[in-house]
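Biologist: I would like to learn how to read a protein model. Could you take me through it feature by feature?

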Amino acid sequence: MTFPFLPFTRPAIDEETIAEVANVLRSGWITSGPKVLAFETALSEHCGGRPVRVFNSGTATLEVALRLAKVGAGDTVITTPLTWVATANVILEVGATPILVDVDPVTRNIDLDALEAAITPQTKAVIPVDLAGLPVDRDRLYAIAGKHNLRVIEDAAQSLGASWNGRPIGSTGDFVSFSFHANKNLTTSEGGALVLPADIDPGLCERLRLQGVRRFPDGGMDVDVLGGKFNLTDIAATIGLGQMKHLAAFTARRRELARRYFDRLDPALGLELPVADFTNCNWHMFQVLLPVGTHRGKLVAAMKEQGIGVGVHYPALHLFSLYRAQGFRQGDFPHAERIGATTVTLPLFPSMKDSDVDRVCAALAASLSEIA
Ligand SMILES: *Cc1c(COP(=O)(O)O)cnc(C)c1O
């Protein structure tokens, strides 16, 4: 029996949402408008009523958060080398210096002891990342940030729907950034959202989002700050609104599928599994580390041969040329390097069937023995 190709992820957009997108396309108003406001309201509700503004990417939210936190030249920002490179790129984009510290080998998230040890008088902010949707320890994180008077920009691109101490990620803390890229747990095709802390003016956030323009009731306008072009369209916001209705169900289904991986993956394969957290984590990705000596390229090819897509998220970013040019070297962050070199992302998305998990597990066993 042959099966259709199983990708590592796939968005789930219902017919009602597709019809609503068509309505927007016919309405005569397709850029930012009422759908954007409605999507911001829905996100704010999810985030305990905190102010939320949506953007055309998660990267844009991180950059604007840094600007709102007044991070710039002469400042340093501490983050993890094991993330999508956007997290570090935005630090360079605003003229600040990224300081990287290694990850905890178990959670694969930034090591908070290393973070605290790396703080200097130049440190202005930290950008923790909830890799694969597993939250960084918020209690410890905010204890450190409070003690050293640092701003926190939570890169929660992967952790919408996850929680900490029973509260949704986004409902507490300082700045919180989400991404709605096609592969994220909730998508608008491309997009992002920024949850704002109480001391930040949402109006300024809106001006940084769109050319710095301030409009007055009499029809006049002024530009008093340099803003970008980061607004989300109503087309995209409509997709997001349709997705919000399913967020809880998506997360629940991802947790079920993750549990099944733990049940079905043969321990004899020697894979290093993620933390088995079914309370906080939203299971954005199910990532296993391959046994020492496994040729990852061959494994990915062997899985593809069997009709299964496997992803690589992410090589440690300090080894990219741009970051080597900043002075980072092989050997700087051994845990991130080892994880980045051996990690593979197995298929996991809400519309997957239980039998798909079984198929992945069988194919993985066959592929590992085939290439051994
Ligand atoms: C996806 C992602 C981003 C960037 O989001 P975009 O919407 O693609 O700009 C940033 N950080 C992390 C950890 C991500 O996974």
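Predicted model: local features only at pLDDT ≥ 70, side-chain atom pairs only at ≥ 80, totals over all residues.

Biologist: How many helices and strands does the protein chain have?

Modeller: Helices (H or I, at least four residues) and strands (E, at least two) are DSSP runs, numbered from the N terminus. The protein chain has 13 helices and 13 strands. Its radius of gyration is 21 Å, close to the 21 Å from the globule rule for 372 residues, so the chain is as compact as a globular protein of that length. That radius is taken over C-alpha atoms, and the rule is 2.2 Å times the number of residues to the power 0.38.

Biologist: What share of the residues counts as buried?

Modeller: Buried means under 20% relative accessible area, exposed over 50%, and partly exposed in between (1.4 Å probe, protein chains only). Of the 372 residues here, 54% count as buried.

Biologist: Which residues of helix H4 are buried?

Modeller: An α-helix has 3.6 residues a turn, so residues three or four places apart point the same way. In H4 (residues 86–93), the buried residues are Ala 86, Thr 87, Ala 88, Val 90 and Ile 91. Among the elements they pack against are helix H3 (58–68), strand S2 (76–79) and H11; contact means heavy atoms within 4.5 Å. After H4 comes Gly 95, with a positive phi near 90 degrees.

Biologist: Where does His 318 lie?

Modeller: His 318 is in the loop between helix H10 (296–305) and helix H11 (321–324). Its relative accessibility is 0%, so His 318 counts as buried. A polar contact is a pair of N or O atoms within 3.5 Å; within protein, one must be able to donate a hydrogen and the other to accept it, and residues adjacent in sequence count only if both atoms are side-chain atoms. The side chains of His 318 and Glu 337 make one of 2.7 Å.

Biologist: Is Asn 231 buried or exposed?

Modeller: Asn 231 is buried, at 12% relative accessible area, and sits in the loop between strand S11 (221–223) and helix H8 (234–244). Its side chain makes polar contacts with the side chains of Ser 32 (2.9 Å) and Lys 229 (3.0 Å).

Definitions and conventions: Residues numbered from 1 in each chain as written. Heavy atoms only, no water.
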